[in-house]
Amino acid sequence: MSYSSDIKGALSKLKTDDFDLDFSELYGMIFGGASFVFRGMGKWGIRITSTIASVEYRLYTLLKNQYGIQAEVIQTQNSNFGKTREYQITIDDPQIVAMILRNYGMMDDSGNLISLRIIDKDLMHNESEYHAFLRGVLLTCASINDPAKSFSVEFHFTDNIAAVQFSDFLRDLEIDSKIRENKNSYVVYVRRSSDVSSLLFMCGATRYGLAVEERSTVKAMKERMNREHNFDMANFNRSLDAAQQQIDAIEKIINMRGMSYLSDDLIKTANLRLDNPDISLEELSQIAGMSKSTLYKRLRKIMDISKGL
């Protein structure tokens with residue numbers, strides 16, 4: 001079972017005993033996963049397909065609780081994906097379909113179609129109902145990446161209108177999303193780990209939201225440790241380069257003029273550096289018993305003398 005299927009399976013087991021929340025979740029499932037089939041004479045059919053049996057059974061339960069429908073779940077084999085099974089619920093009763101479309105603001109009371117891809121926020125009266133709608137959309141058209149590999153949730157829609165409406169809906173929930181166009185679909189995707197975890201918490205997938213937060217924290221710690229290590233290595237390499245330049249200057253003076261060419265304090269500093277070629281300026285100042293700035297000025301003077309030869 002994929003990570004995405006695992007989350008959807010867990011969400012499908014949540015209780016369905018609140019009429020208003022179930023209404024919003026069913027709205028999300030229809031918005032995200034329904035195909036609308038025109039039957040002629042102003043009549044429509046609704047078809048919702050999933051590769052996860054528990055999702056389709058949840059849809060069956062919601063339809064039964066909301067509309068008293070004893071929908072038939074048909075199992076088929078998807079030839080495009082080898083042995084992948086698909087589960088399909090089709091609603092063909094024109095009166096039931098019209099009732100569903102009217103309830104979700106897709107059809108007016110006269111039977112005129114308004115839009116099949118609309119999010120009517122007035123139908124959701126509180127944060128919990130917004131979250132229930134989000135869960136319905138996730139169950140029917142989302143793919144969730146394993147946070148061990150990457151932080152990503154993608155929602156797949158067949159038209160741009162639905163993608164734009166859903167992206168706006170996520171923005172209302174303070175979740176940042178982007179839209180990209182694929183060959184046959186529009187994808188609303190969420191990449192930021194904090195948004196992915198928030199989205200999963202809202203849907204009720206608490207355990208998975210915590211897993212994303214944990215992975216994000218570990219990743220951030222590793223990145224910080226790598227940055228600190230790289231910074232330390234860069235400082236170490238710079239320190240070695242500076243020490244080698246100082247040694248080269250001292251050896252040049254010795255070869256061309258002899259150590260006695262320097263003043264007593266500079267001779268002491270030169271010998272200190274030659275005896276400790278691999279340590280930093282700060283460590284060298286501690287051995288010398290003088291301030292770092294004083295030691296630096298003396299070494300700088302030695303290098304200036306070397307350049308003048």
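Tyr27 and Tyr104 are both buried. In this predicted model, a search of the whole structure finds 12 aromatic pairs. Tyr27 and Tyr104 make up one of them, a stacked pair with 4.5 Å from centre to centre and 10° between the planes. The pair joins distant parts of the chain, since Tyr27 belongs to helix α2 while Tyr104 sits in the loop between α4 (94-103) and α5, 77 residues apart.

A second stacked pair is formed by Tyr130 and Phe169, with ring centres 5.3 Å apart and 10° between the planes. This pair also links distant parts of the chain: Tyr130 is in helix α5 and Phe169 in helix α6, 39 residues apart. Tyr130 and Phe169 are buried as well. The residues of both pairs belong to a cluster linked by ring pairs, which consists of Phe23, Tyr27, Phe31, Tyr104, Tyr130, Phe133, Phe155, Phe157, Phe166 and Phe169.

Helix α2, which carries Tyr27, covers residues 19-33. At 1.5 Å a residue, its 15 residues should span 21 Å, and the C-alpha atoms at its ends are 21 Å apart, so expectation and model agree. The N-terminal end of α2 is capped by Asp18, which places a side-chain oxygen 3.1 Å from the backbone nitrogen of Asp20. Because 12 of the 15 residues of α2 are buried, the helix is largely enclosed by the rest of the structure. Among the buried residues are Phe23, Tyr27 and Phe31, which are also members of the aromatic cluster. Other buried positions in α2 include Asp22, Ser24 and Glu25, as well as Gly28, Gly32 and Gly33.

Two further sites can be described separately. Arg257 lies over the face of Tyr261, at 5.7 Å from the ring centre. Glu174 is found in the loop between α6 (160-172) and β7 (178-181). Its phi is near 65°, a positive value in a residue that is not glycine. Most residues other than glycine have a negative phi. Glu174 has 71% relative accessibility and therefore counts as exposed, the cut-off being over 50%.

As for confidence, the protein chain averages a pLDDT of 86, and 96% of the residues score at least 70. Confidence is highest in helix α5 (residues 127-141), with a mean of 95, and lowest in strand β3 (residues 73-77), with a mean of 78. Helix α5 is the element that contributes Tyr130 to its stacked pair with Phe169.

How values were computed:
Residues numbered from 1 in each chain as written. Predicted model: local features only at pLDDT ≥ 70, side-chain atom pairs only at ≥ 80, totals over all residues. Heavy atoms only, no water. pLDDT = per-residue confidence, 0-100. Helix = DSSP H or I, 4+ residues; strand = E, 2+ residues; numbered from the N terminus. Buried < 20%, exposed > 50% of the residue type's maximum accessible area, 1.4 Å probe, protein only. Expected span 1.5 Å × (residues − 1). Polar contact = N/O pair within 3.5 Å; in protein donor to acceptor, adjacent residues only side chain to side chain. Phe/Tyr/Trp six-rings, centres within 6.5 Å; stacked < 30°, edge-to-face > 60°. Lys NZ or Arg CZ within 6 Å of the ring centre and 35° of its normal.
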